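Thanks for coming, everyone. Let me put the model up and walk you through it.

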Amino acid sequence: MLVEDSLVVRQLLIHIVGRDPRLEVVAAVASGEEALATIGQTRPDVVSMDIRLPGIDGLETTRRIMAERPTPIVVIADSIEDSSLRISMNALRAGALSVVEKPVATTHAGYDAVATEICTQLRIMAAVPVIRRRPIGSEWAGRSAAPAPVAAALRVPEAASVLALAASTGGPPALARVIGGLPASYPLPVLVVQHMGGAFMEGFAAWLNGVVGLAVSVARDGERAEAGHVYVAPGDRHLELGPAGHLRITDAAPVGGQRPAATALFRSVARHAGGRGVGVLLTGMGEDGATGLLDMRQAGALTIAEDESTAVVFGMPAAAIRLSAAGTVLPLDRIAAHLARLAEGGP
């Protein structure tokens, strides 16, 4: 189902989707009201959601779909306007799975890349199982989290110096949950890799800065990582920890098809922080981060993977667990408290 109020863009999306033999448009509607009225009859595998809609906007439409008929949703957003970016991030918080750039005219230089990314995201997200979300005050609602196994011989770094977090599909709300649960006095710098289109990273960092207590910014090459500050990898660039706590931003080749890559970040932390590093791998599709987290654990660092009971997509954490890269496996709602205790020197 395509939800887009602009007739021109709607026709363009129909054309883009129609080029992919693995996709079929079952409905193309111009408003949130139409989407809610027809989704029960059309039963789409995935929804392409515009954010700026007349009447019920894309954020509220996303909330209602996830409360009434959970369906994978890919947000199609303008990457330039700050307000659109903020609404897009909140739609991810409400249950949408990813956000991609809105297509422009077929004569635009970046049209083919944008069209390919839209179809790729729609195909991938159509296969992601989603859960019902409560409609009010429950952006963090998720699967009930059973107690997760914890390594019997957990090694706590004596003087942790840096926290590295990574996520992909389902990551923005998960990262907000973890970082938002850290105390304002959290004594470690926090380095973040989130797989997302490069055009959205500034907006993602600004959104995260508005929903958590710690200061958040896009990382800059050469700056020193300060305690209690969150540094987000910029779009299409690797974020790495360098010597003496300085950050490195590189355009080195993608690692496992990803740039920024969780594995690139984790390996740099293993190399420069050793046993003083803390690594956390959250929800995401694929296997990025697993080998890097293993490097961290072998260097003596504390490593954590999100438990299957709360992960939107269990691919990345599962890969780390299979490699024995995760010293601890915890549901999302226990990770922040665990990190806070570790920073205080507790078990």
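Strand 13, residues 302–306, runs parallel to strand 14, and three bridges join them. Ile304 sits opposite Thr328 of strand 14. A word on terms. Helices (H or I, at least four residues) and strands (E, at least two) are DSSP runs, numbered from the N terminus. Two strands count as paired if DSSP finds at least two bridges between them.

This is a predicted model: local features need pLDDT of at least 70, side-chain atom pairs count only at pLDDT 80 or more, and totals for chains, interfaces and linings use all residues. Residues are numbered from 1 along each chain as its sequence is written, and side-chain values use heavy atoms, with hydrogens and water left out.

Contact here means heavy atoms within 4.5 Å. Axes are lines fitted to C-alpha atoms, for helices over the stretch in contact, and angles run from 0 to 180 degrees between N-to-C directions.

From helix 6 come Ala174, Arg177 and Val178; from helix 11, Leu332, Asp333, Ile335, Ala336 and Leu339. That contact has six nonpolar, no polar and two charged residues. The classes: Ala, Val, Leu, Ile, Met, Phe, Trp, Tyr, Cys and Pro are nonpolar, Asp, Glu, Lys and Arg are charged, and the others, Gly among them, are polar.

Helix 6 has another partner, helix 7 (residues 201–211), packed at about 35° with the axes 10 Å apart. This crossing of helix 6 and helix 7 is right-handed. Pro172, Leu175, Ala176 and Ile179 of helix 6 meet Phe204, Trp207, Leu208 and Val211 of helix 7. The count there is eight nonpolar, no polar and no charged.

On to the largest pocket, about 730 Å³. A pocket is an open set of points on a 1 Å grid over the protein atoms alone, where a 1.4 Å probe fits, with protein on both sides within 12 Å along at least five of seven lines; lining residues have an atom within 4 Å of a point. Points are joined across faces, edges and corners, and the volume is the space filled by probe spheres set on them. Of its 32 lining residues, Glu117, Gln121, His195, Met196 and Gly197 are closest to the centre. Helix 5 gives the most, eight residues. The lining has 16 nonpolar, twelve polar and four charged residues.

Last, a backbone detail. The peptide bond from Arg259 to Pro260 is cis, with omega near 5°.

Definitions and conventions. A crossing is left-handed if the near helix is turned anticlockwise from the far one by less than a right angle, and right-handed if clockwise.
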